[in-house]
Amino acid sequence: MSQDMKSYQPTCSLEALKARAEMYQKIRQFFTEREVLEVETPVLSQAAVTDVHLASVQVQRHIHGKLHTQYLQTSPEFPMKRLLASGSGAIYQICKVFRDDEHGRKHNSEFTMLEWYRPGLDLKGLMHETADLLESCLAHRFGDIRPVVLSYKHAFQDRLDINPLQASLKQLKDTANRVGLNLDLGDDRLAYMDLLFSHFVEPSLGFDAPVFLTDFPPEMASLAKVKQDEDGESVAARFEVYIEGLELANAYDELLDAEILASRFEADNAERAKQGLAVIPTDQHLLAALPHMPECSGIALGIDRLLMVAMNQVKIDQVIAFPAEIA
């Protein structure tokens with residue numbers, strides 16, 4: 001905060017507050033026209049994501065006089081899938097989500113997410129719908145949105161001359177050293193992949209047109225299905241959206257196999273224990289719901305980052321009223 005700013009003042013302008021309100025109106029109108037139902041689910045849960053790279057915020061509250069440790073959501077995904085399994089049909093939600101100790105130019109530990117699910121729609125159809133939404137929200141900056149579809153593998157090959165789907169740990173380490181990233185990340189292959197991606201691939205994406213990055217390594221499947229790409233290599237059925245080097249959204253062809261998901265949760269928690277991280281209770285309600293879910297695709301989009309792009313801002317503080325440091 002600048003020294004001439006009073007301690008009670010927001011970090012964003014009145015213009016940004018108005019732009020946020022207008023964006024919410026556009027989003028709600030967009031989904032109303034497509035008969036997608038707006039829903040609301042709890043922010044607190046007895047379970048949380050097990051992903052090693054996500055840190056949930058823990059809180060304690062009493063329920064019927066008994067103290068419980070619970071978690072602020074990193075995404076509304078789990079309860080929304082319970083609604084889908086109960087026959088809700090297509091749904092969306094605008095809500096607050098939390099990631100512990102994520103702060104910086106593009107991050108705040110409390111941020112706003114738009115998440116929606118489309119039964120019967122495949123990833124290609126969801127890409128088209130996402131492009132339509134981006135055009136609705138960003139037409140004043142870019143006009144017609146004509147996204148470029150690019151695979152994770154080809155993005156790596158174009159910029160680093162390496163196939164991340166086949167590269168060994170040694171090859172990834174050697175590539176990191178070759179480009180000046182001399183960090184010791186042990187034997188964590190995914191960590192080296194993420195390091196190379198964040199420094200050399202991500203910053204170059206989405207400047208000529210929005211990029212829909214597809215076909216991620218299968219280790220990055222999370223809650224997505226795994227499929228074969230055009231070369232017969234296993235990839236995660238997901239895509240991410242990038243504009244001007246900024247990741248805006250993450251989409252999946254949703255996994256419906258409860259046994260596979262349970263095994264992924266177990267593997268995550270085993271890795272968490274290995275790294276000295278807290279083991280997270282898995283969501284048994286989600287596992288029970290999964291066999292009853294319809295085939296669908298789903299996507300989570302960061303509203304604050306979308307506002308950054310819409311307003312041509314470079315810091316998240318410029319589009320939120322009170323970041324964590326002054327909340």
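**View 1. The exposed side of helix H1.** On one side of H1 in this predicted model, Leu14, Glu15, Gln25, Thr32 and Glu33 are exposed. Just past the end of H1, Glu35 has a positive phi of about 60°.

**View 2. The buried face of helix H1.** Turn to the other residues of the helix and you'll find Ala16, Ala19, Arg20, Met23, Tyr24, Ile27, Phe30 and Phe31 buried. Looking down the axis of H1, these buried residues stay within an arc of 140°, so they line one face of the helix. An α-helix has 3.6 residues a turn, so residues three or four places apart point the same way. Their cover includes strands S5 (91-98) and S6 (110-119), plus helices H3 (123-142) and H9 (303-310).

**View 3. Phe30 and its partners.** The structure has 10 aromatic pairs. One of them is Phe30 with Phe31, an edge-to-face pair at 5.2 Å centre to centre and 90° between the planes. Both Phe30 and Phe31 are buried.

**View 4. An aromatic cluster.** Tyr152, Phe156, Phe197, Phe216 and Tyr242 make up one cluster. Phe197 and Tyr242 are both buried. Their ring centres are 6.0 Å apart and their planes at 65°, so this pair counts as edge-to-face. Phe197 belongs to helix H6 (residues 189-201) and Tyr242 to strand S10 (residues 234-243), so the pair ties together parts 45 residues apart in sequence. Over at Phe216, the charged end of Arg238 sits over the ring, 4.2 Å from its centre.

Technical notes: Residues are numbered from 1 along each chain as its sequence is written. This is a predicted model: local features need pLDDT of at least 70, side-chain atom pairs count only at pLDDT 80 or more; totals for chains, interfaces and linings use all residues. Side-chain values use heavy atoms; hydrogens and water are left out. Rings of Phe, Tyr and Trp (its six-membered ring) pair if their centres lie within 6.5 Å; planes under 30 degrees apart count as stacked, over 60 as edge-to-face and the rest as tilted. Buried means under 20% relative accessible area, exposed over 50%, partly exposed in between (1.4 Å probe, protein chains only). Helices (H or I, at least four residues) and strands (E, at least two) are DSSP runs, numbered from the N terminus. A charge sits over a ring if NZ of Lys or CZ of Arg is within 6 Å of the ring centre and within 35 degrees of the ring normal. The arc is that of the directions from the helix axis to the C-beta atoms. Contact means heavy atoms within 4.5 Å.
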